[in-house]
Amino acid sequence: MAAQPGQVGYSIIDAKSIDAFMPSVFPPVVDDSLEGLAGQLGLDPGTVTQTVGAFNAACRVGTFDHTVHDDCHTEGLSPPKSHWARPIDTPPFYGYSLRPGITFTYLGVRVDETARILMADGAPAENLYAAGEIMAGNVLGKGYLAGIGMTIGSVFGDLAGRSAAEVAHG
Ligand SMILES: Cc1cc2nc3c(=O)[nH]c(=O)nc-3n(C[C@H](O)[C@H](O)[C@H](O)COP(=O)(O)OP(=O)(O)OC[C@H]3O[C@@H](n4cnc5c(N)ncnc54)[C@H](O)[C@@H]3O)c2cc1C
């Protein structure tokens, strides 16, 4: 998706599949026809129907089961859809415009246990503290658990605030 113009991609879902995944916070664009959906998304209807038609023709539908890696796949598409491939053919059609984002950088400044920033020589700064995303790399090397961004911000925010207040009050 990052390689697309403007780094925007579009996800199109039909009525068969809309309840097969966790609903988005944001409602999709809905239309009874692919052409109408394309128009609402600001896309060329002919290009969308051609793209969806090519996807549908590439589908090799076996026994659909979205709870396992089923045998529904595409042939001749790049990249292939390895599982859960079904023609997008049952109205109404739903569309989302999507763009990539960065949830965590895993980088930032180093801190000690009081949230004091560790300088380049490894020594703690006297009066410089960090909390939240800027120091989350101290906790997260890779991957994450749900809610850990907020947790890191709250825990280290509390620490940093207390530590800074102590310094300020001498
Ligand atoms: C798509 C996405 C989904 C996420 N989902 C979750 C989730 O479900 N649960 C969870 O716990 N965490 C989640 N996170 C992570 C979480 O949102 C972040 O870790 C958290 O918001 C970081 O908070 P922060 O205050 O440290 O930094 P930020 O929220 O990035 O705040 C930094 C602020 O500093 C401002 N700023 C930057 N430079 C300057 C400057 N020079 N002068 C003045 N202001 C400046 C910025 O504009 C920004 O407002 C998600 C993150 C993303 C991107």
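Predicted model: local features only at pLDDT ≥ 70, side-chain atom pairs only at ≥ 80, totals over all residues.

Residues are numbered from 1 along each chain as its sequence is written, and side-chain values use heavy atoms, with hydrogens and water left out.

**Overall form**

The protein has three helices and eight strands, in the order β-β-α-α-β-β-β-β-β-β-α along the sequence. Helices (H or I, at least four residues) and strands (E, at least two) are DSSP runs, numbered from the N terminus. The radius of gyration is 24 Å, whereas a compact globule of 170 residues would have a value near 15 Å. That radius is taken over C-alpha atoms, and the globule rule is 2.2 Å times the number of residues to the power 0.38. Along the principal axes, the C-alpha atoms fill a box of roughly 70 × 35 × 25 Å.

Of the 170 residues, 26% count as buried. Buried means under 20% relative accessible area, exposed over 50%, and partly exposed in between (1.4 Å probe, protein chains only). Among contacts with a separation of 6 or more, 57% come from residues 24 or more positions apart; a contact means heavy atoms within 4.5 Å.

Glu113 lies in the loop between β6 (110-111) and β7 (116-118). The residue counts as exposed at 62% relative accessibility. Glu113 and Pro45 are 68 residues apart in sequence, and their C-alpha atoms are 57 Å apart in space.

**Charged side chains**

There are 9 positive and 18 negative side chains, and the centres of the two sets lie 5 Å apart. Lys and Arg count as positive and Asp and Glu as negative, with His and the chain ends not counted. The place of a charge is NZ of Lys, CZ of Arg, CG of Asp or CD of Glu.

Side chains of opposite charge can pair when their charged atoms come close. The structure holds five salt bridges, each a side-chain nitrogen of Lys or Arg within 4 Å of a carboxyl oxygen of Asp or Glu. The table includes three of them.

| Salt bridge | N to O distance |
|---|---|
| Asp14 and Lys16 | 2.6 Å |
| Asp112 and Arg116 | 3.3 Å |
| Arg162 and Asp158 | 3.0 Å |

Asp14 is buried at 2% relative accessible area, and Lys16 is partly exposed at 31%. Asp112 is buried at 13%, while Arg116 is partly exposed at 28%. Arg162 and Asp158 both lie in helix α3 (residues 148-168), four residues apart, about one turn of the helix. Arg162 is exposed at 53%, and Asp158 is partly exposed at 40%. Salt bridges with shared partners join Asp14, Lys16 and Asp89 into one network.

**Backbone exceptions**

Most residues other than glycine have a negative phi, and most peptide bonds are trans. A cis peptide bond joins Ser78 and Pro79, with omega about -5 degrees. Pro79 is in the loop between β4 (73-74) and β5 (93-98). The bond from Pro91 to Pro92 is cis, with omega near 0 degrees, and Pro92 lies in the loop between β4 and β5.

Trp84, in the loop between β4 and β5, has a positive phi near 60 degrees. Trp84 is partly exposed at 33% relative accessibility. Gln7, in the segment before β1 (9-14), has a positive phi near 55 degrees. Gln7 is partly exposed at 40%.
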